[in-house]
Amino acid sequence: MRIDVKNRTKQLYKMKKLLLLPILCFAAVLSAAGQDSDTSRRGQNRLQAYKIAFLTEKMDLSPAEAQKFWPIYNRYESEMRQVRMDSRQHKESEIKIEERILNIRKKYNQEFTNTLSAEKANTFFQAEKEFRNIILKEFRDRKKKSHND
């Protein structure tokens with residue numbers, strides 16, 4: 001019976017963390033919106049911290065896996081950021097940009113798979129998309145609310 005209590009406690013703890021993540025993400029979005037550039041940078045850093053917490057939770061990374069994963073993720077994020085910057089400056093056509101994004105994702109899918117597992121690599125890409133959708137929804141809701149006020 002003691003094992004059941006431990007498992008139940010772990011399940012409740014995980015559920016609380018899963019419920020808190022969207023709330024924390026929402027708080028980060030609210031705090032980052034409408035601030036000057038220096039404060040906005042801090043908001044972006046907080047949002048990045050929430051993203052890291054979200055990904056870690058979704059991927060269920062052990063400390064050893066996290067130690068291997070995050071340096072690769074940082075390189076991935078850096079390459080993706082460069083593509084987004086190029087996109088904003090319209091240096092390349094939309095198709096070329098999408099192609100670059102796909103190539104980066106393929107490259108890092110292989111690295112994540114080699115470092116973790118194919119399942120966790122796939123979970124990463126799904127969790128990243130889920131996080132992006134949560135943030136976009138919060139921005140849309142906030143924008144809609146500000147237009148209604």
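**A lysine and its surroundings**

Reply: Lys 120 is found in helix H5, where helices (H or I, at least four residues) and strands (E, at least two) are DSSP runs numbered from the N terminus. The model is a predicted one, in which local features need pLDDT of at least 70 and side-chain atom pairs count only at pLDDT 80 or more, whereas totals for chains, interfaces and linings use all residues. Residues are numbered from 1 along each chain as its sequence is written, and side-chain values use heavy atoms, with hydrogens and water left out.

With a relative accessible area of 17%, Lys 120 is classed as buried; buried means under 20%, exposed over 50% and partly exposed in between, for a 1.4 Å probe and protein chains only. When residues up to four places away in sequence are not counted, Lys 120 touches Met 59, Asp 60, Leu 61 and Glu 65, a contact being heavy atoms within 4.5 Å.

One of these neighbours, Glu 65, is also the salt-bridge partner of Lys 120, and their closest N and O atoms are 2.8 Å apart. Glu 65 belongs to helix H3 and Lys 120 to helix H5, so this pair ties together parts 55 residues apart in sequence. The term salt bridge stands for a side-chain nitrogen of Lys or Arg within 4 Å of a carboxyl oxygen of Asp or Glu. Glu 65 has a relative accessible area of 22% and is therefore partly exposed.

The pair also takes part in the packing of H3 against H5. These helices pack at an angle of about 50°, their axes lying 13 Å apart; axes are lines fitted to C-alpha atoms, for helices over the stretch in contact, with angles from 0 to 180 degrees between N-to-C directions. H3 and H5 are therefore oblique to each other, since angles under 35 degrees count as roughly parallel, over 145 as roughly antiparallel, 65 to 115 as roughly perpendicular and the rest as oblique. On the H3 side, Glu 65, Phe 69, Tyr 73, Tyr 76 and Glu 77 make the contact, and on the H5 side Lys 120, Phe 124, Phe 125 and Glu 128. By class, the residues of the H3 contact with H5 are 5 nonpolar, no polar and 4 charged; Ala, Val, Leu, Ile, Met, Phe, Trp, Tyr, Cys and Pro count as nonpolar, Asp, Glu, Lys and Arg as charged, and the others, Gly among them, as polar.

H5 also packs against H4, at an angle of about 135° and with the axes 7 Å apart. That angle makes H4 oblique to H5. The crossing of H4 and H5 is right-handed. In this contact, Arg 105, Tyr 108, Asn 109, Phe 112 and Thr 113 of H4 meet Ala 118, Ala 121, Phe 124, Phe 125 and Glu 128 of H5. The contact of H4 with H5 comprises 6 nonpolar, 2 polar and 2 charged residues.

Glu 128 leads on to a further salt bridge, formed with Lys 51, in which the closest N and O atoms are 3.7 Å apart. Lys 51 is in helix H2 (residues 37-59) and Glu 128 in helix H5 (residues 118-148), so the pair ties together parts 77 residues apart in sequence. Lys 51 and Glu 128 are each buried. A network of salt bridges links Lys 51 and Glu 128 with Glu 77, Arg 84 and Arg 105.

Within H4 (residues 94-115), Lys 96 and Glu 99 stand 3 residues apart, about one helical turn, and their side chains meet in a salt bridge (3.9 Å, N to O). Lys 96 is partly exposed at 45% relative accessibility, and Glu 99 is partly exposed at 41%.

For the whole structure, a search finds 11 salt bridges. The protein has 5 helices and 0 strands, and its elements run α-α-α-α-α from the N terminus on. Of its 149 residues, 27% are buried. Among contacts with a separation of 6 or more, 67% come from residues 24 or more positions apart.

Notes
A crossing is left-handed if the near helix is turned anticlockwise from the far one by less than a right angle, and right-handed if clockwise.
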